[in-house]
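Subject: Structure for your review

Dear colleague,

I am handing over the structure we spoke of, and I would be grateful if you could look it over with the notes set out after it.

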Amino acid sequence: MAKKFKNKTIAWLEYRLPIFSVLREALVDHPTPRNLNYWWNFGSLAGITLIIMIVSGLMLSMHYVAHTDLAFDSIEHIMRDVNYGWLIRYIHSVGASMFFFVVYIHIARGLYYGSYKFPREVLWWLGIIIFLLMIASAFLGYTLPWGQMSFWGATVITNLFTAIPLIGDNIVTWLWGGYSIDNPTLNRFYSLHFLIPFLIVGIVFFHIVALHKFGSNNPTGIDLNLKKEKIPFHPYYTIKDFFGFGIFFIIFSIFVFFIPNVLGHPDNYIPADPLVTPAHIVPEWYFLPFYAVLRAIPFKLLGVLAMLGSIFILFVLPWLDTSKVRSCRFRPIYKQFYWIFIFNFFVLGWVGSKVPEGHYLIISRISTAYYFIHFLIILPILGKFEKTLPTPINIFKISKYKK
Amino acid sequence: MKKKLFILLISYFLIFIGHLYALEDITLKKQKWTFEGLFGRYDNASLQRGLQVYQEVCSTCHGIKRLRFRELKNLGFTETQIKEYAATFEILDGPNEMGELFMRPGEPSDTFISPYKNKEEATAAFGGAYPLDLSLITKARKGGANYIYSLLTGYEENVPENFNLGDGLYYNLYKDGRVIAMPPPIYDDAIEYIDGTNASLHQLSYDIVNFLNWVAEPELQKRKSLGLKVLIFLIVLTLLLYVTMKEIWSRIEK
Amino acid sequence: MIQISNKRKKIKSAKDRRNFLKLTTMSMAAAGTAFAVWPFIDSMNPSADVLALGTKEVDLSNIKKGTSKTIKWRGKPVFIKHRTEVEIQDARKVDLNQLKDPEKDEDRVVNPEWLIVVGVCTHLGCIPKGQMNGDVKGDFNGWFCPCHGSHYDSSGRVRKGPAPKNLEVPKYSFINKNKLKIG
């Protein structure tokens, strides 16, 4: 336990503030399942993306001006005059998409392998909190360029709060700091957008502490009790994570350098005009599924509650999924439903970009219903009645050593 | 599992990229732009012609207020040429020591001026149809350069039978709703190119769109050439990382 | 014997290969990180619009002999003094040994009629008085800094007080008799 450090300076510091032993335990010695596959890279990918977003955001904040008259121009100043400003800006805007891309896959991994089950419920909760903070930060950040989509997206979403009975209108006026989205709103959105990533860092810290209590889940979903089932994090998973970073940076670079605007909306290159509403107000792609849920329900308050509910339902997932078996590998029936759920999520995303009329509306309603049916009906029933495959005693007793 | 992950990622990517390029009611006229693709670069000769088109045709109504005269050096103009060119413009400046605003000749650090003081004046001058500032137009429209090109070459003299075209408006195949307030700005031989190129409608449109794309994305050339270097570096590094990973894991491979 | 040494050789070469691989990968990653960090640092350097305003042209025809004009350059005041013969001679008569920061007046001007100095006191950055007609000019008929009492002469050199150096002479050139380019 108290392995001594050879270096005198480190030992001196370690005695007074045991930071080095903590880091060594967490990043070097930490026993990690030896059978993790590439789905397990997405946690560290999310971490590195958070760092990239904070650094690029910090550099942008040195040039950005949060005033309605100057915001759009200040970003053009960054793009045209600031050295490498275009690069930092595109890293930040593409990075937001990358962040959600990575986190969605990270969550999907959790759903497939039952990582939210006992004893990792709190780990799961901390993850959902991070996700909610990301959503808030991304929404606030998108308003800052003060383009048409910034302004009107913000108008639509803040107007949702009027759905709250009795006090809704007062809350919206309070949020706006005025009678509509204007300079006071932009200023406070900037402050909050600057703050939230640091809240995320704090929650990520606890997310990792919670993780290290019981260690990572693994593709078999079984608890690992044998010592030889685990290997030290360094060098095996440090190098694997770095390899993952390499692939990730390649994809990131393709977007940043060659197709930086493909994930965005052209209307946001038009300065905000409170007197002209764009033909189609659409959020960024990562919000589309939730936008679809919102618009599927014809009643305002119910729509808002359904949209929030679609995320908050994840908090009770460990209790909705009653199966004793964690991993889809040994749950052949649930595995099918899992992929149907994923497909349905894509459908929700696709229909979220369409006008909520005609057959698009019908599809969005079916998809929304199915989303909740999956959690509220299918999972609890499956837990009770599914015939699962026998789970192995340890990870070596599996005939095919699948990754 | 790896295959499933791969399929998931690819379908993720394809579904929404495919959606972006979804069929619209009319397909745009696609041109071969020199700035497209992995090796995209700007063609300075075309950009200079585009500047001439802007100067002689578009600048009467449209501004490009985000472009500074000094940026023209990237088109191949010398500092002296730029100084002289900028000086042909009258810039409002002030207040001076007496507290008055005054006009002075332009300098390279100034921006191109808009023909109108502000948006309200411009809108009033055209009976409610505001001639947009073109600084970012190729980024602000779906379809980008292809859309602007199609629009400029998409005017139709023959309006279909039942189509209700208002007074003073024009029929354009590519505009949302097919109605546009701007009269066809260019046509064959609308101007005479300084470099002698044949000024057909296609050529004029091609050059002005090139120019406008450069105004919207002046960093494009630097961005793509740096991008190529970064990609090659990353591919090599990732390969190295892969080999190193396999090497390290070979120690415990059972 | 030979078998053992061969095996040792094999293990050693495997170790070498591993080390070489690790070294190459790490150096490449380090180089990549350095290249990646540079744009962020460079973004804090003056941007293109700031650099473009780094030079300023001044019309000298309105500055009468014996008067001094203040213009703004790179965010700082610059004193453009149209010197009289008396002022020039006074500046040239001074014994260099008396100066805290010895400099010949001839070395501080291109054209002795015009003295161009940055109007920022070299002590702690206040703007010395002396530009206007009624101003205090200090004991040496140049400028006087009210903050801590530094005196400058008609060549902008410090003669008394805590300032360590003479007023800075910026880079400048004459475009023609009446036009000055600073920076």
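Predicted model: local features only at pLDDT ≥ 70, side-chain atom pairs only at ≥ 80, totals over all residues.

Residues are numbered from 1 along each chain as its sequence is written, chains are lettered from A and ligands numbered from 1 in the order in which they are written, and side-chain values use heavy atoms, with hydrogens and water left out.

Chain B holds seven helices and four strands (DSSP runs numbered from the N terminus, helices being H or I of at least four residues and strands E of at least two), and along the sequence these follow the pattern α-α-α-β-β-α-α-β-β-α-α. Of its 254 residues, 41% count as buried, that is, under 20% relative accessible area with a 1.4 Å probe and protein chains only.

In chain C, an open sheet of three strands runs in the order β1-β9-β8 with antiparallel pairing, where two strands pair if DSSP finds at least two bridges between them. Because β1 (56-59) and β8 (172-176) of chain C stand at the edges with a single partner strand each, one side of each is left without a neighbour in the sheet. Strand β9 (residues 179-182) of chain C pairs with β1(C) over four bridges in the antiparallel sense, and Lys56(C) has Ile182(C) in β9(C) as its bridge partner.

Notes: Buried < 20%, exposed > 50% of the residue type's maximum accessible area, 1.4 Å probe, protein only.
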